[in-house]
Amino acid sequence: DHKSWLSLSDTLAPGKVKIHMWRLIRNGLAMGAELLRRRIKQGVFCIACGREEMNYHRFWGCYHSAKLWKIMLSELGVPVAIPPESVCSQSALSRWLMTWFAEATDDERAVMVQGAYALWLARNNARDGQRIEEAEAIAKRVFQLMGEWQSIHGRKSKQNTPAVKE
C-alpha cells in the first residue's frame, strides 16, 4: 500500500485532483450509493444513464465515462486502465486501484486522476436539470489542464500532449 500512496502523491497533477482520487479510493466521495448508505439522500442516480450511482459506474461503467476513456486513449495514446466489472464493490475497487497505482507509469497515473476529476466535475455540474457535458468537451479540458500543469511544473510527460481537435 505504501508504494501505491507514494505513486499517487508523485502523480503529475494538482493537489486537489490527487486528493479527489484518494477520496475515491477511501470511499469518501458524496455520491449515490454512499449518500444512501449514510442515510443522507435517497434515490441518487447516474445523470447520464439513470442507473444507480456507484463509484465504479460513475467513473468507468457508464457509457459516458467509457466514451471519455476511449477518447483519452485515442488522443493521448496512453493506455487508460479500466477496472474489470468484477470489482464493482467499493473494497474490490479500492484494492484494484491501489495495485494499479503501484504499477502504472507516470503518464497513466496523470491521465487517470485528471480524467476521473473531470468526470466528477462534469457530472456535478449537470445536476439540477442541466445536460451533462459531452465526453469530447471533457477530454479537451483534461488535455488543456494537463498541458498547463506540465508546462508550469517543468516535468514533461513522456508522451507529448496532443493538439486538441476542435
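User: A crossing is left-handed if the near helix is turned anticlockwise from the far one by less than a right angle, and right-handed if clockwise; which is it where α1 passes α6?

Analyst: In this predicted model, where local features need pLDDT of at least 70, side-chain atom pairs count only at pLDDT 80 or more and totals for chains, interfaces and linings use all residues, α1 passes α6 in a left-handed crossing. Residues are numbered from 1 along each chain as its sequence is written, and side-chain values use heavy atoms, without hydrogens and water.

User: At what angle do α1 and α6 pack?

Analyst: Helix α1 (residues 2-9) and helix α6 (residues 90-103) pack at about 65 degrees, with their axes 8 Å apart. That makes α1 roughly perpendicular to α6 (65 to 115 degrees).

User: Which residues make the contact?

Analyst: From α1 come Lys 3, Ser 4, Trp 5, Ser 7 and Leu 8, and from α6 come Met 98, Thr 99, Phe 101 and Ala 102, where contact means heavy atoms within 4.5 Å.

User: Switching topic, how many residues has the largest nonpolar core?

Analyst: The largest nonpolar core has 44 residues, and Met 21, Trp 60 and Val 111 are among those with the most contacts inside it. Such a core joins buried nonpolar residues through side-chain atoms within 4.5 Å, buried being under 20% relative accessible area with a 1.4 Å probe. Its largest share, ten residues, comes from α7.

User: And what does Met 21 touch?

Analyst: Leaving out residues up to four places away in sequence, Met 21 touches Leu 8, Phe 101, Met 112, Val 113 and Ala 116.

Conventions:
Axes are lines fitted to C-alpha atoms, for helices over the stretch in contact, and angles run from 0 to 180 degrees between N-to-C directions. Helices (H or I, at least four residues) and strands (E, at least two) are DSSP runs, numbered from the N terminus. Angles under 35 degrees count as roughly parallel, over 145 as roughly antiparallel, 65 to 115 as roughly perpendicular and the rest as oblique. A crossing is left-handed if the near helix is turned anticlockwise from the far one by less than a right angle, and right-handed if clockwise. Buried means under 20% relative accessible area, exposed over 50%, partly exposed in between (1.4 Å probe, protein chains only).
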